[in-house]
Amino acid sequence: MKKYNFNAGPCILPREVIENTAKQILDFNGSGLSLAEISHRAKDFQPVVDEAVALIKELLNVPEGYSVLFLGGGASLEFCMIPYNFLNKKAAYLRTGVWATKAIKEAKLFGEVVEVASSADKNFTYFPKNFEVPTDVDYLHVTSNNTIYGTELHKDLDVPVRMICDMSSDFMSRPVDVSKYDCIYGGAQKNLSMAGVTFVIIKDDALGKVSRDIPTMLDYRTHIKKGSMFNTPPVVPIYTALENLRWVKTHGGVEAMAKLAKQRADLLYGEIDRNKLFRGTVQVEEDRSYMNICFVLNDEYAELQQEFLDFATSKGMVGIKGHRDVGGFRASCYNAQTVEGVQALVDCMKEFEAKH
């Protein structure tokens, strides 16, 4: 039976990306050594990093004066590194979910934090609008997509200050105006690679403005100077990211990814709204995530939750159980998810509805 991977992360990857990585793990570039055992300073590996950096810059039209880094620690470490490097006196944060809340907690260790808006009052089921950002802050921090609650910011904000954005789960899924940001970062296991590497796009001249001393490993300038090679980077995940970036380019770039994302989302949300058994957790259409589509059973059918989960699993749906903070179901539709996969889930929902 064919399996359809809707896991929220680690993410679905294109089959050719997995196969090409597997080949290199067995024998990297004909060297007779595995990708998993070569030195990060091996002459054959530097071109991997260089090409991955170049592809990110090409696909997102990154302006001059920005560096691209591959680091460890996940987005959770970036929650600390961002204020360490950028928060001099005061920063603004948009609180839209669990990960934004964790980023705020870390930032408060380094200076004043202004929470300009929050959607916590409705369990993060909408994206705040019409909020004011103080002009005297060092930056505004935004989380563009919320994997747990299923909300997403589909275009770059227009605000009077520089922005920093956690794009862990919608990176490379749409065009982005990088010039509006001092930093874009994320854990790669949501929509770019396997777990183990973090991507960072950073504006070089935005650094060095804080008055505090920064530990060597937590200073972005350290990693820019050494080209992500200050210490041993996660070699295999970086290679997988390269293969995935090649795949995105071959399949039309971020513009094509954005069209496909909307096509998948329209198909699944259309069934959620039509089907008498289900309802979406995010009711405002413009706030609905294209990456993480969350839905629950209507109250009168709530007792069918485990039955539907078992039924969907029997039909090859993998990873659709919702996060414990929301319950219900979550279908993560990252770049590599196919329309065929989403249609299979829709057919499964229709069949389950017919049974009841």
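## Briefing: a buried arginine, a mixed sheet and its helices

Arg288 sits in the loop that links β11 (278-280) and β12 (292-297). The model is predicted. Elsewhere, 7 strands build an open sheet, and helices α3 and α4 lie across strands of the model.

- Is Arg288 buried or exposed? Its relative accessibility is 6%, so Arg288 counts as buried; the cut-off for buried is under 20%.
- Which residues does Arg288 touch, leaving aside neighbours within four places in sequence? The contacts are Gly150, Glu152, His154, Tyr269, Asp273, Gly280 and Val282.

**The open sheet**

- The strand order is β2-β10-β9-β8-β5-β3-β4, and the pairing is mixed.
- β2 (66-71) and β4 (112-118) stand at the edges. Each has a single partner strand, so one side of each lacks a neighbour in the sheet.
- On average, neighbouring strands of this sheet are turned by 15° against each other, direction ignored.
- Strands of a sheet pair through backbone hydrogen bonds, and they do this either parallel or antiparallel.

**Strand β9 and its partners**

- On one pairing, β8 (residues 163-166) runs parallel to β9, with 4 bridges joining them. Here Cys165 has Ile184 of β9 as its bridge partner.
- On another pairing, β10 (residues 198-203) runs antiparallel to β9, with 5 bridges joining them. Here Ile184 stands opposite Ile201 of β10.

**Strands β3 and β5**

- β3 (residues 90-95) and β5 (residues 140-143) run parallel and are joined by 2 bridges.
- Ala92 has Leu140 of β5 as its bridge partner.

**Helices across the strands**

- Helix α3 (residues 74-86) lies across β2, β3, β8, β9 and β10. Its direction is at about 160° to β9.
- Helix α4 (residues 98-107) lies across β3, β4, β5 and β8. Its direction is at about 160° to β3.

- Helix α1 (residues 15-26) has 12 residues. From first C-alpha to last it reaches 17 Å, close to the 16 Å expected at 1.5 Å a residue.
- Which residues of α1 are buried? They are Val17, Thr21 and Gln24.
- Why do these residues share a side of α1? They cover an arc of only 60° around the axis, which puts them on the same side.
- An α-helix has 3.6 residues a turn, so residues three or four places apart point the same way.
- Helix α6 (235-250) is part of what covers the buried residues of α1.
- The face turned away from the buried side of α1 carries exposed residues: Arg15, Lys23 and Leu26.

Key. Residues numbered from 1 in each chain as written. Predicted model: local features only at pLDDT ≥ 70, side-chain atom pairs only at ≥ 80, totals over all residues. Heavy atoms only, no water. Expected span 1.5 Å × (residues − 1). Buried < 20%, exposed > 50% of the residue type's maximum accessible area, 1.4 Å probe, protein only. Arc of directions from axis to C-beta. Contact = heavy atoms within 4.5 Å. Pairing = 2+ DSSP bridges. Axes fitted to C-alpha atoms, helices over the stretch in contact; angles between N-to-C directions.
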